[in-house]
Amino acid sequence: MVAVILPGNASCQGCPISMAMRCLDEIENPVLVIPAGCSTVIAGIHPNSAMKCPVVHSPFTAAPSVACGLSEAYKRMGVRANVIAWMGDGAVDISFSALSASAARKDDYITIVVDNEAYMNTGTQASLSTFWKARTTTSPAGKTEERRNIALLMLAHRIEYAATASVGYLRDLKRKFRKAGEMRGFRFIHVHAPCPPGWRFPSEKTVEVARKAVMSGAWILWEYDGEFRLSKEGERYALKENRIPLREYLKQGRFSHLDDKEIEELEKKIDEEWKTILKLF
Amino acid sequence: MDLSPLIAKPTYGSAGETGRWRNYRPVINTELCIKCGECMMYCPEGVISKNLIINYTYCKGCGVCREVCIQKAIVMMPE
Ligand code: SF4
Ligand code: SF4
Ligand code: SF4
């Protein structure tokens, strides 16, 4: 079997985005629209492509609009394609107005956000997705702003399908990709993507860090397909006593400045997030 | 007009022979391995084949395969 993404591409060692890209094999006839970001670099430089599927590189602000246009054009030409706007959290910030409008129109394509919680490709600047108090080059003492929950926000557009996933649980992620690929309408998947150089942990720890995020309650796995539910892999962490201590997850360079009081504040944030999620049933 | 030169073609090693980035080489101990396939699924590079042969031309030596192996069947050997 030949995968959608070929080996020998430009992703860093231990890259979460290439792990997620490999799971695109679950989606039939994918056509990627990629705004600027790590994924642009991974997809390769002309005349070489690391991808076996068609890729359209788009400006930051335009990925949702380009994806909508492509999907409509394919339909009119009678081509069955699964158009995917594949973006990072930076592109979500920059194209948010187009993304929101597209969701409201119920455009027919999938948006997959590989969220490494900062603008990694341009040098680790903080995004709206950056974890509370994380150090980035634009928040050298730790991020002070709020962290936006983009998947919940997209769900509020009453879209067909919304889900969160993690590169620590690829079976769950693949199932969600497959499901989104078989549906029609506006579909949104938010993938947690711990990034070794950006978060400052060794390259072999990508999966471990991703799993610890889920096990400590910091990343919540859920799915909406007309009905809201927690995903099997993460549902036990709704109960606080099942979670591992948050400091286990925070063993990353970007959190090395945190003291006990600040970690307690983070725990409170996470508890609040769970409270919101658990009200959605 | 022939537009085909404008279109990038799928290529192995679009960033070159990425195996050269490696400081450590993953080696599978076939006696300990239970063929669960976890390493194959999680390898970011997709260089572990179904019969568990590692393509060292492109393996970047990240060590993810060793970390996900519950059998501890993979060792990282210095290059
Ligand atoms: S910076 Fe992070 S997300 Fe970007 S290519 Fe490198 S490992 Fe992947
Ligand atoms: S993860 Fe370990 S036990 Fe499983 S197939 Fe790979 S080497 Fe073998
Ligand atoms: S070291 Fe990394 S790239 Fe090489 S086989 Fe293991 S997981 Fe794949």
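**View 1. The surroundings of ligand 3 in the predicted model.** Ligand 3 is surrounded by 13 residues, and the closest are Cys43(B), Cys59(B), Cys62(B), Gly63(B) and Cys65(B); a residue counts as near if one of its heavy atoms lies within 4 Å. The shell around ligand 3 comprises 9 nonpolar, 2 polar and 2 charged residues, where Ala, Val, Leu, Ile, Met, Phe, Trp, Tyr, Cys and Pro count as nonpolar, Asp, Glu, Lys and Arg as charged, and the others, Gly among them, as polar.

**View 2. The open sheet of chain A.** In chain A, 8 strands (DSSP runs of E, at least two residues) form a mixed sheet in the order β3-β1-β4-β5-β7-β6-β8-β9; strands pair if DSSP finds at least two bridges between them. At the edges, β3 (55-58) and β9 (228-230) of chain A each pair on one side only. Strand β1 (residues 30-35) of chain A runs parallel to β3(A) over 4 bridges, and Val33(A) has Val56(A) in β3(A) as its bridge partner.

**View 3. Helices on the sheet.** Helix α3 (residues 63-77) of chain A packs on the sheet, touching β1, β3, β4 (82-88) and β5 (109-115) of chain A; contact means heavy atoms within 4.5 Å, and helices are DSSP runs of H or I with at least four residues. The direction of α3 makes about 170° with that of β4(A), angles running from 0 to 180 degrees between N-to-C directions of lines fitted to C-alpha atoms, for helices over the stretch in contact. Helix α5 (residues 96-104) of chain A lies across β4, β5 and β7 (186-192) of chain A, at about 135° to β7(A).

**Notes.** Residues are numbered from 1 along each chain as its sequence is written, with chains lettered from A and ligands numbered from 1 in the order in which they are written. In this predicted model, local features need pLDDT of at least 70 and side-chain atom pairs count only at pLDDT 80 or more, while totals for chains, interfaces and linings use all residues; side-chain values use heavy atoms, leaving out hydrogens and water.
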